[in-house]
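Hi everyone, thanks for coming. Please take a moment with the sequence and the model, and then I'll walk you through two spots.

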Amino acid sequence: MTNAIVLGMQWGDEGKGKIVDLICPAFDAVVRFQGGNNAGHTVKFGGRHFALHFLPSGILHPGMACVLGNGMVIHPEAFFDELHKLAESGVDAGGRLFVSARAQVILPPHLHLDAAREAARGGGKIGTTARGIGPAYETKAARSGLRTCDLGAEDVEARVAVLRGQLAAELAELGAEVPETGELATACRYWGERLAPYLADTAVLVNRWIDDGKSVLFEGAQGALLDVDHGTYPYVTSSNTVAGGVATGAGVAPTRIGGVLGVVKAYTTRVGSGPFVGELEDETGDFLRRRGNEYGTTTGRPRRCGWLDAVATRYAQLLNRADALAVTKLDVLDELDEVRVCVGYRFRGEVRRDFPAELAVLEQAQPELRTFPGWRSPTVGVLHYEDLPQQARDFLAFVEDEVGTPVGMVSTGPRREETIVRDAPEMTRLVSGRVDRVLAHRDVSA
Ligand code: IMP
């Protein structure tokens, strides 16, 4: 059985939720390993539409075991809100949803700090999702955070006092609310009690499943270029979004992971601030935003748009070593006369093909573009690779070459049923030979 990772190869919003939803019948469990409710995974099928922030997209499958791993940061109220909304839509997560007892908790001071810092940064803001993610990871590293299992601990008040003590001065300085220790401790006990039925030592659980021959899918959130170590720092999220994050964020050793599926949108988007070589601040950018409905699932913010950036995606490939790519939103390019790919960054007269670490280089670099004729015909709902227009296949072949890995899937519309799954050995291996289950799942909702 293969244990695989699905992750984003750009700046998030590549359409991972749809891909996970589609392939998860080939797996026995879906595990998230980093981030929190900053993520926004949209899944559409059979006329229904779900927006998930915390829960793995696998939750929509009756009976599928789902895990929120230790590398995540959990806001209990938001977690229960999401569960409640799902229950209202008829999705029952009872008995199959496990939250790591070691995951960190997002508490009100984290949220206040995220918002207050962003406001204070003015023009230099990071453009966070204001969900308290960064501050929660900070207090984790500072060893003053609370884990989900600490919420119900006898000394919770003392722990909260330490956390509050660490954040109070900055909160006060920024004019933000500083919640009282007693009030925080009461909230912790309340959420601790409610969370208790979901808590588990998820590293033990997931490893046991693997020992028993089950296959596990690890669902990434955000994208490689938002990784705190490897991304466009400081314009990143605060977790490790790359494949290596699975080992620490789920407690599963690299030797147990058999494959990586990298999700790449047919063009590039980014939300929030930070360098974006080749950002299209023109009619084409507006077209991509409108046609691709590029507005944040979590915050509703318009996404910045540009052509597919092969420099960034090649770097993401170096970090993740994807066995295959899932190219999403190909249909968004259908009406264009020409389609472009950024193949290099021009900086001080030189064209660089590596992804530079220095912000100043990224900010000043100009995109070196390669132009392809558009296909100008609808690809929406195409199910076989061979049925794609020749120009679209040429474009995809170029992406394969540039990134250095084959295209295994192509998404040709927002719905589950609008996806090409290629008959390729890499795809077959990634889903443990269970391609038939994936195709049956794709076609059942059509
Ligand atoms: P944070 O994760 O809320 O701290 O935000 C840090 C940066 O990551 C900001 O630029 C956000 O817009 C970006 N970000 C966080 N989550 C997502 C996501 O799911 N998709 C795209 N961008 C995200």
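Here's one to start with: in β17, which residue is the bridge partner of Arg340? It's Thr371. Keep in mind that we're looking at a predicted model.

With β13, residues 304–309, β15 runs parallel, and 2 bridges join them. You can find Leu308 opposite Val341 of β15 there. Then there's β16, residues 350–352, which pairs with β15 in the antiparallel sense through 3 bridges. One to look for is Phe347, whose bridge partner in β16 is Glu350. The hairpin of β15 and β16 leaves 2 residues between the strands, and Arg348 takes a positive phi there, near 45°.

So how covered is β15? Mostly: 7 of its 10 residues are buried.

Now, over to the helices. Take α3, residues 108–121, and α5, residues 156–173: their axes come within 11 Å and cross at roughly 25°. Because that angle is under 35 degrees, α3 counts as roughly parallel to α5. The crossing of α3 past α5 is left-handed.

Who meets whom? From α3 we have Pro109, His110, His112, Leu113 and Arg117, and on the α5 side they meet Leu163, Leu167, Glu170 and Leu171. Sorted by class, that contact between α3 and α5 has 5 nonpolar, 2 polar and 2 charged residues.

Conventions: Residues are numbered from 1 along each chain as its sequence is written. This is a predicted model: local features need pLDDT of at least 70, side-chain atom pairs count only at pLDDT 80 or more; totals for chains, interfaces and linings use all residues. Side-chain values use heavy atoms; hydrogens and water are left out. Buried means under 20% relative accessible area, exposed over 50%, partly exposed in between (1.4 Å probe, protein chains only). Helices (H or I, at least four residues) and strands (E, at least two) are DSSP runs, numbered from the N terminus. Two strands pair if DSSP finds at least two bridges between them. Axes are lines fitted to C-alpha atoms, for helices over the stretch in contact, and angles run from 0 to 180 degrees between N-to-C directions. Angles under 35 degrees count as roughly parallel, over 145 as roughly antiparallel, 65 to 115 as roughly perpendicular and the rest as oblique. A crossing is left-handed if the near helix is turned anticlockwise from the far one by less than a right angle, and right-handed if clockwise. Contact means heavy atoms within 4.5 Å. Ala, Val, Leu, Ile, Met, Phe, Trp, Tyr, Cys and Pro count as nonpolar, Asp, Glu, Lys and Arg as charged, and the others, Gly among them, as polar.
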